[in-house]
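Thank you all for coming; I would like to walk through one model this morning, going from its overall division to a few local details. Please keep the sequence and the structure in view while I talk.

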Amino acid sequence: MINISFPDGAVRQYENGVTALDIAKSISEGLARKVLAASVNGDVWDATRPINQDANLKLLTWDDTDGKSTFWHSSAHLMAEAVEQKFPGAKFWVGPAIDKGFYYDIDLGGQQMTEDDLLDLEKKMNELARQNNTYIRKDISKNDAVKYFSEKGDEYKLDLLQNLQDGNITFYTQGGFTDLCRGPHIPNTGFIKAIKLTGIAGAYWKGDEKNKMLTRVYGVTFPNQKELDEYLLMLEEAKKRDHRKLGKELGIYTMNDDIGAGLILWMPNGTVIIEELEKLAKETELAAGYKRVVTPHIAKENLYLTSGHLPYYADSMFPPMEMDGEKYYLKAMNCPHHHKIYDAEPKSYRDLPYRLAEYGTCYRYEQSGELFGLMRVRCLHMNDAHIYCSKEQFAQEFKAVNDMYLKYFKIFGIEKYVMRLSLHDPEKLGQKYINEPELWLETEQLVRNVLIETGVPFVEVKGEGAFYGPKIDVQIWSAIGREFTLATNQVDFAQPRNFKLSFTNQNNESEIPLIIHRAPLGTHERFIGFLLEHYAGKFPVWLAPVQVKILPISEKFAPYSNELRSKLLAAGIRVEMDERNEKIGKKIREAELHRVPYMLVIGEKEMNEGKLSVRRQGKGDMGVQTTDEFINMVVDEIAQRKSGE
RNA sequence: GCCGUUGUAGCUCAGUGGUAGAGCACUUCCUUGGUAAGGAAGAGGUCGUGAGUUCAAUUCUCAUCAACGGCUCCA
């Protein structure tokens with residue numbers, strides 16, 4: 001007999017070799033029908049795998065993350081079985097569970113799979129699932145495994161086997177499909193009730209663009225149809241919040257083939273938002289001791305040789321223009337220009353921290369396949385600033401920048417983000433990162449300390465640093481789930497040396513400053529793209545392109561409405577009037593769809609009483625106010641940058 | 001850049017080897033209407049661009065550009 005301990009602390013005795021599924025059955029049949037896998041002493045196991053010693057056991061169901069990923073991983077095997085039937089000779093690389101679903105990377109050996117095949121594959125998967133085939137685990141020696149895949153001619157699994165230890169290798173078989181796999185898997189395919197293959201894409205083998213491109217099929221499955229339907233509905237809803245859709249509907253921005261890919265044309269409504277953001281940034285930076293500068297969009301080659309951009313990031317820059325035998329580049333970053341401003345006059349320790357801010361325009365040659373609405377573009381406007389400070393001042397300055405982030409996030413109600421400490425990858429020193437191993441470690445520790453002091457939760461990720469130093473990135477997710485860096489706060493120990501920047505310290509010695517690059521509001525492009533999705537187009541009043549729309553019931557009230565408009569304009573409110581010969585219901589509908597925060601319905605009653613009827617977007621009729629009451633309310637809401645909720 | 005899909009009116013989309021349609025938007029007229037679509041008429045497209053096949057191409061082929069879903073990349 002062995003002792004099984006449950007999460008609630010209970011300990012029960014079972015026969016040696018009992019399975020998690022047996023245990024579930026001993027508790028209740030209902031539970032047994034839900035068990036997908038089990039956590040045994042912290043490892044996730046098949047629910048059907050015998051337990052031969054005392055163990056802490058947690059039964060895993062659909063409600064557990066590990067239960068879900070087991071379910072999805074097993075679904076990937078089911079899909080592979082269907083693919084193998086439809087595309088004989090297909091070879092399989094890896095098929096993991098992902099955040100929402102699973103994929104499998106497949107070499108179809110010259111056969112072509114199109115989106116039309118997905119329905120077919122789904123049908124096959126459903127048939128196979130209904131056969132209730134069990135997932136059978138089998139230990140196998142490395143020799144036998146190699147033999148099996150050699151005969152199959154599957155170089156991908158052979159490649160995987162190379163890195164596996166003999167005695168540690170398992171095969172899983174369900175129905176007619178056998179795969180090299182460490183598991184675990186759900187008991188049988190019958191658990192998979194609802195299947196949707198969501199996409200087909202190319203994916204480089206081992207993620208390396210020099211390798212062959214495999215076919216990746218994405219899918220998601222559920223234990224019942226209802227959850228699949230809900231998931232699909234959620235995707236539909238997310239698409240409605242997509243900034244590309246809202247940006248068009250609300251007249252925020254447009255793009256044009258004659259201008260170029262990734263080059264944004266900001267329309268009047270979008271420009272209003274830009275200007276409000278800049279106003280906020282300028283106020284905030286002025287108060288925090290920043291000085292504003294303006295620099296050109298281009299510079300000569302030598303500048304970027306000095307900065308290190310050309311050696312490390314030439315691929316991401318537009319190719320140079322030749323003028324009078326000189327090469328000029330569009331700037332990909334503002335920093336080198338700012339360094340030259342720093343260096344234009346000698347600096348003493350009394351000048352530090354020296355903070356230069358600019359909403360700088362940068363051009364980056366992003367690969368065509370990477371462009372994405374406002375989130376990834378080739379011309380961007382950065383909320384940029386560079387802080388030149390001494391080593392002693394660094395921690396305080398870096399923390400002040402972090403505090404500025406948090407202040408902004410509060411204004412915008414940004415709560416769903418992850419702070420990421422982005423470090424260098426020692427293996428890529430000299431290629432992707434400047435070759436200063438000790439400086440890297442030293443500054444990374446400085447940044448880590450600041451984060452710990454601030455008390456903001458963060459994750460550390462190797463290989464995400466800038467080429468000149470470590471950084472803190474704020475990661476957010478777009479409506480359709482893609483991850484982006486919204487804001488960034490970086491340390492730079494390379495460029496001060498490259499540019500021979502210096503200041504005279506208290507001892508009359510020349511010292512090299514540290515530089516902090518920071519962009520708490522990221523770029524206009526990405527930030528406004530984010531805000532569109534964050535607010536689902538319903539901007540708070542201070543950001544709304546049109547803050548108030550006057551809706552006269554009929555033409556008879558145009559003169560009074562015009563008077564009103566003048567008063568609101570004089571109060572600095574962005575107001576428009578819908579003078580069309582339409583019914584009030586239609587005017588309201590359109591103002592609602594354009595997410596205008598306040599609608600003023602003006603008719604006989606309002607004109608006679610000298611008042612106005614207020615309607616709040618999304619909330620409906622708010623009743624009658626005097627003009628002064630309304631103006632004061634709106635002006636106050638704007639001044640305080642209220643979130644509107 | 002790579003794999004795949006798509007490109008028809010301002011928007012959303014239908015359609016065809018014999019030079020195109022719907023709804024909404026737009027314009028005009030009627031209506032002057034009280035909190036999410038009043039009615040009628042009209043205007044609007046060389047079917048992304050270029051080349052090829054054909055008597056004939058928006059439709060078939062190729063190239064190119066762009067967008068979309070991924071991969072790679074992301075200072």
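Predicted model: local features only at pLDDT ≥ 70, side-chain atom pairs only at ≥ 80, totals over all residues.

**Notes on one chain**

Lys-206 has a positive phi of about 60° although it is not a glycine, and it is found in the loop between β12 and β13, the latter spanning 213–222.

Residues are numbered from 1 along each chain as its sequence is written, and chains are lettered from A and ligands numbered from 1 in the order in which they are written.

As for the overall division, chain A falls into domain 1 (2–61), domain 2 (66–238), domain 3 (259–534) and domain 4 (548–639), with bounds that come from an automatic or database domain assignment. The centres of domain 1 and domain 4, taken over C-alpha atoms, are separated by 65 Å.

A second residue with a positive phi that is not a glycine is Asn-41, where the angle is near 50°. Asn-41 sits in the loop between β3 (37–40) and β4 (43–46), and it too is partly exposed, having 13 other C-beta atoms within 10 Å.

Let me turn to the strands and helices, which are DSSP runs numbered from the N terminus, helices being H or I of at least four residues and strands E of at least two; two strands are said to pair if DSSP finds at least two bridges between them. One open sheet has three strands in the order β9-β10-β11, paired antiparallel, and its edge strands are β9 (136–139) and β11 (177–180), each of which pairs on one side only. Neighbouring strands in this sheet are turned by 25° against each other on average, direction ignored, where the axes are lines fitted to C-alpha atoms, for helices over the stretch in contact, and angles run from 0 to 180 degrees between N-to-C directions. Between β9 and β10 (residues 170–174) there are four bridges, and Asp-139 has Thr-170 of β10 as its bridge partner.

Three bridges hold the pairing of β17 with β19 (residues 326–330), in which Ala-299 stands opposite Tyr-329. There is also a cis peptide bond between Leu-352 and Pro-353, with omega about -5°, and Pro-353 lies in the loop between α12 (335–342) and β20 (354–363).

Further along, β24 (residues 471–477) and β25 (residues 483–492) run antiparallel and are joined by seven bridges, one pair being Lys-471 and Gln-490. These two strands form a hairpin with five residues between them, and Gly-481 in the turn has a positive phi of about 95°. β25 also pairs in the antiparallel sense with β28 (residues 514–519), over five bridges, and there Val-491 stands opposite Ile-516.

I will finish with α20 (residues 627–639). Which residues of α20 are buried? They are Phe-630, Ile-631, Val-634 and Ile-638, and they cover an arc of only 95° around the axis, which puts them on the same side of α20; the arc is that of the directions from the helix axis to the C-beta atoms. On the other side of α20, Asp-628, Asp-636 and Ala-639 are exposed. Just after α20, Arg-641 takes a positive phi of about 50°.

Note on methods. Buried ≥ 20, exposed ≤ 12 C-beta atoms within 10 Å, placed from the backbone.
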